[in-house]
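Trainee: I have a structure to read and a list of terms to learn. Can we go through them together?

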Amino acid sequence: MAKKISFLSLPLYVQILSGMLAGILLGMIALQLNGAAFINHWVRPWGQVFIRLLQLIAVPLVFISLIKGVTGLGDISKFSRMGIRTIVIYIMTTVVAVFWGLSMGLLVKPGNLVDQAEVGYMQESYHNVVEAQKEAAESTQQKGPLAFLEDIIPNNIVSAMADNSKMLQIIFFAVFFGIAALSLPATQVRPVLKLFESLNTIILNMVDYIIRFAPWGVLALMAGLVVDFGGNLSVFGALAIYALTVIAALFVLAFIFYPALIHFFTKKKAKNFIKALYPVQLFAFSTSSSAATLPLTLETVENKLHVSKEVSSFVLPVGTTINMDGTSCYQAIAVLFIAQVLGIELGFTQILIIMGMTVLSSIGTPAIPGGSYVILTMVLTSVGIPPEGLALILGIDRPLDMLRTAVNVTGDAAVASIIDKRIS
């Protein structure tokens, strides 16, 4: 007699993929039956509940795991070696991602093929959103060249921990706390370290409960997404070449660049690396948040890629904030696309400015859905492109945001594997 297989016994990535497909089907059925109101009132809220649960756990998870990671290194010199290597490698991969994005944008020139009638429609539809992003970008640019130091260091850790977009400040405090604890005699800090060990166990148990809800949350998110774009499918057709350019560039990063790094710098099999990360990539794709995906990334990197906990608990949380390879690659293509649509010629100096601004700004991009809008507007303004051009891509940004998040977490895992190999 054949053994009965339940849905919950299937691998997590199969459950998530099933939830995505079911959500797409449900959204399409709702559009055919004029059931958009049903999706918005009775289905979409469950997706928002799922996102809120992930956001709820992100800050305590990063804070506690970073403190555990730093204090678990044993001595200051070991932290210094790992920290410097981590930041240098993250910046290097971001530079490669931006260069690759610029190359694809200049080669394909997708902006030359956009329907001008659609351009006017999108600018009108997203006028309010663009204005809000323009004001935020102008405010950021007025702060001066060293303003990033103020942004990194919080003046109130409690208020910083109340805002998921302040993840860089939380990381600073956690690392500072960990270094201070590491410099003291073990007998003095042992009770505090035991407390964080217990807190980490509790947080991971909470994460497990949330992940069990993932397939249903993903179903609700996808159904809502289909309904959102169901009445505006012409936007996808008008921007098809742009979207395909971004997708192709991101796929090269995820399935050629990172596996190559794994092959040459860790001696692991690239196919095993990609296979292990399928659930993480699908989860990141469905949530559009590196921070929300962090719990699953930690579990996968430690259990499937066999990276030590002391490395993963430090490298991965840092990566959710400063390693945005997929986002950086996308931003480079997006800036060129908007310039091409508006007929703006960019010189070599402006291309270098785009590259430098994108690399530096990627460090401050929030690891949450839509976190790159303000940064992208700032980059546009820096090279003389009207920020209103952002309206050209907002219509299809969500699917691409989902894809670039999957690339971001893949890069985090690759760097963690490299760091683990170098210090082992």
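Mentor: We take some labels one by one and set each against its definition. This is a predicted model, where local features need pLDDT of at least 70, side-chain atom pairs count only at pLDDT 80 or more, and totals for chains, interfaces and linings use all residues. Residues are numbered from 1 along each chain as its sequence is written, and side-chain values use heavy atoms, with hydrogens and water left out.

Trainee: How many helices and strands does the protein have?

Mentor: It has 20 helices and zero strands. Helices are DSSP runs of H or I with at least four residues, strands are runs of E with at least two, and both are numbered from the N terminus.

Trainee: Why is T93 called buried?

Mentor: Buried means under 20% relative accessible area, exposed means over 50%, and partly exposed lies in between (1.4 Å probe, protein chains only). T93 has 4% relative accessibility, so T93 counts as buried. T93 is found in helix α3, residues 76–108. Across the protein, 50% of the 424 residues count as buried.

Trainee: Which residues does T93 contact, beyond its neighbours within four places in sequence?

Mentor: They are F257, L261, N323 and D325. Contact means heavy atoms within 4.5 Å.

Trainee: What makes F63 and F173 a stacked pair?

Mentor: Rings of Phe, Tyr and Trp (its six-membered ring) pair if their centres lie within 6.5 Å; planes under 30 degrees apart count as stacked, over 60 as edge-to-face and the rest as tilted. Here the centres are 6.0 Å apart and the planes make an angle of 15°, so F63 and F173 are a stacked pair. F63 lies in helix α2 (residues 36–71) and F173 in helix α8 (residues 167–182), so the pair ties together parts that are 110 residues apart in sequence.

Trainee: Are F63 and F173 buried or partly exposed?

Mentor: F63 has 11% relative accessibility, so F63 counts as buried. F173 has a relative accessible area of 27%, so F173 is partly exposed. Ring pairs also link F63 and F173 with F177 and F196 into a cluster.

Trainee: How do you know that the charged end of R404 sits over the ring of Y330?

Mentor: The rule asks for NZ of Lys or CZ of Arg within 6 Å of the ring centre and within 35 degrees of the ring normal. The charged end of R404 is 3.7 Å from the centre of the Y330 ring, and it sits over that ring.

Trainee: Why is L244 called exposed?

Mentor: L244 has a relative accessible area of 53%, so L244 is exposed. L244 lies in helix α12.
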